[in-house]
Amino acid sequence: MELSSLLHDLHLSSSSSDKLLPNLPPITELLSQLQEKLIAASSQSETSSLIGHVRQLFQTADADWLFSPDSAELQASYRSLISALIGCAALPLCQDDCGSLPAAAYQKIPSRAVTAGSALRALLEALGNWERGKGPRRGRTLLLTVAPPVCVFAVTHFQDQAWTSSSSRTAARNLQEELLRAGGWRDTAHLLMGDVGGDDEAGGREEEEKYRGILGGVLDVLQPQLTKDSWQRCEAVKLVFAWTLLQVTRPSLSPHLSRLLPPSLLFTDHYRPENCMLGVRCLHHIVLNTPAADLRQFNRADVLYQALFKHLYTTEAAVIQLVLSCLLDLLLVLEKPPSLPTPSSTRRKSCRHDDVLHLVLTHMEAEHKLPLRRAYTSALPLYIDRMGVAVCRHLRRVERVVLGYLEVGDPPEETTRLKILEVLQKTCRAAWPRMQCRLHVLLRCLLKLLVDVSSDSQLSDCVRQKLMKETSLCIKLLDAASHGQIQPLLQQADSSCCSSEVLGCLATVTVAAHR
């Protein structure tokens with residue numbers, strides 16, 4: 001039967017009391033024909049016409065004929081048709097591992113995505129209405145079959161990228177919303193994970209089946225494109241994978257760990273900073289949402305540590321900042337915090353925390369680029385906190401870093417100096433017995449900072465006050481650590497050597513000591 005005449009018959013059947021005409025072919029046969037025609041279409045106009053017929057089919061035909069009986073053959077037919085529809089708006093592939101194409105290569109994709117999305121939306125609307133009318137268990141398997149590729153298609157096209165336009169992004173969002181309505185999912189996280197911790201009793205099995213997530217199905221769709229040799233050929237694949245992963249939290253992430261880790265490590269290992277950063281974000285999300293025991297199993301945590309540690313040698317500030325943040329959480333999986341007390345008879349052995357802090361401080365000493373200095377100093381206070389009294393092993397390097405970084409300004413916000421002052425405060429609190437021997441060199445640097453800041457006309461009043469307040473606090477902590485040895489030295493300062501503003505700050509130190 002010709003498709004046009006079939007659609008005419010369907011239109012007649014929808015407007016008559018006879019919902020299903022006896023001469024209609026099996027739906028699986030028709031779906032196979034439509035798939036073949038879509039694949040064989042030789043022009044864009046022919047493809048658009050066919051997709052319009054598919055949309056009309058789902059809008060017009062009787063739902064019982066479209067979706068029953070629910071069998072493996074029917075599921076395979078719908079899966080193949082959806083694959084053909086999505087293929088009509090497929091992104092062009094790169095010929096090598098460059099991972100990006102010029103914007104002109106994606107010029108026709110948005111309009112094609114809108115056309116294909118309209119047919120997919122009509123399918124989901126018909127399937128959702130039929131399922132709600134027949135009961136929660138009818139058509140559920142078919143919906144769970146078609147949902148993963150539709151979800152991947154929607155996520156690909158609702159992102160603000162070179163292959164999308166405002167109209168295609170709107171169409172993709174509408175498609176995703178229709179998918180959520182069809183399956184009764186609350187949001188995208190519920191769509192992927194389903195109901196977490198459902199009832200295992202017989203009475204709860206139907207509800208658990210009703211709201212089962214599609215994460216496994218989405219990974220099945222993405223997996224062939226996430227191999228070492230293929231993931232760079234399509235720019236959208238990594239973004240869809242990362243979006244999917246970042247929606248999934250514990251405990252739903254752990255069962256899929258073996259499928260989520262390899263692509264994340266591939267991204268992390270790439271030479272392009274944007275891919276590396278995407279991979280580190282994925283790994284950090286995995287670390288935060290996976291039980292420590294699962295990460296330690298099969299030495300996964302050690303693999304992650306080695307993959308991240310080597311990036312501490314990079315010169316990309318954005319990468320360094322993400323890596324240091326991820327390592328801080330990963331180290332808790334691998335070992336206990338060094339700040340925890342150990343038996344007094346046992347000398348503390350060097351650990352991975354020491355290795356990371358040693359390398360970071362070594363790089364900080366020689367670093368002169370402001371973006372990298374900001375990246376290092378933003379993470380250093382957290383590492384000093386984690387080390388606790390164990391920071392004593394690194395005091396010489398910490399001292400050199402503090403002295404060097406306080407010498408150089410970082411206008412207009414002075415982020416680097418403020419962070420380094422925070423580092424010094426935490427170090428004084430954690431390792432106060434060791435600070436007395438460093439008293440004079442640190443005090444000289446802090447007093448010089450006070451004088452320089454008070455006379456710097458380029459600083460805003462807010463930043464100047466904050467710098468002077470934090471510097472005064474450092475001097476107070478040094479005075480406490482040295483049992484008041486700073487007091488006689490500060491009392492020698494007068495208006496002949498510094499401004500009234502500096503004298504006011506020093507006065508707060510002496511007053512606090514007398515109290």
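Student: Before we start, what counts as a cavity here, and what as a pocket?
Tutor: On a 1 Å grid over the protein atoms alone, a cavity is a set of points where a 1.4 Å probe fits but cannot get out. A pocket is an open set with protein on both sides within 12 Å along at least five of seven lines, and lining residues have an atom within 4 Å of a point. Grid points are joined across faces, edges and corners, and a volume is the space filled by probe spheres set on the points. This is a predicted model, where local features need pLDDT of at least 70 and side-chain atom pairs count only at pLDDT 80 or more, while totals for chains, interfaces and linings use all residues. Residues are numbered from 1 along each chain as its sequence is written, and side-chain values use heavy atoms, with hydrogens and water left out.

Student: Thanks! How many cavities of 30 Å³ or more are there?
Tutor: Three. The largest cavity has a volume of about 60 Å³.

Student: Which helix gives the most to its lining?
Tutor: Helix 20, with four residues.

Student: Glu-414 next: is it buried or exposed?
Tutor: Glu-414 counts as buried because its relative accessibility is 2%; buried means under 20% relative accessible area with a 1.4 Å probe, protein chains only. Glu-414 is in the loop between helix 20 and helix 21.

Student: What does Glu-414 touch?
Tutor: Leaving out residues up to four places away in sequence, Glu-414 touches Gly-409, Leu-459, Val-463 and Leu-467, where contact means heavy atoms within 4.5 Å.

Student: Switching topic, how much space is in the largest pocket?
Tutor: About 590 Å³. Its lining has 24 residues, and Ile-86, Ala-90, Val-152, Val-221 and Gln-225 lie nearest the centre.

Student: Which elements give two or more residues to that lining?
Tutor: Helix 5 (72-87), helix 7, helix 11 and helix 12. Helix 7 gives the most, with six residues.

Terms used: Buried means under 20% relative accessible area, exposed over 50%, partly exposed in between (1.4 Å probe, protein chains only).
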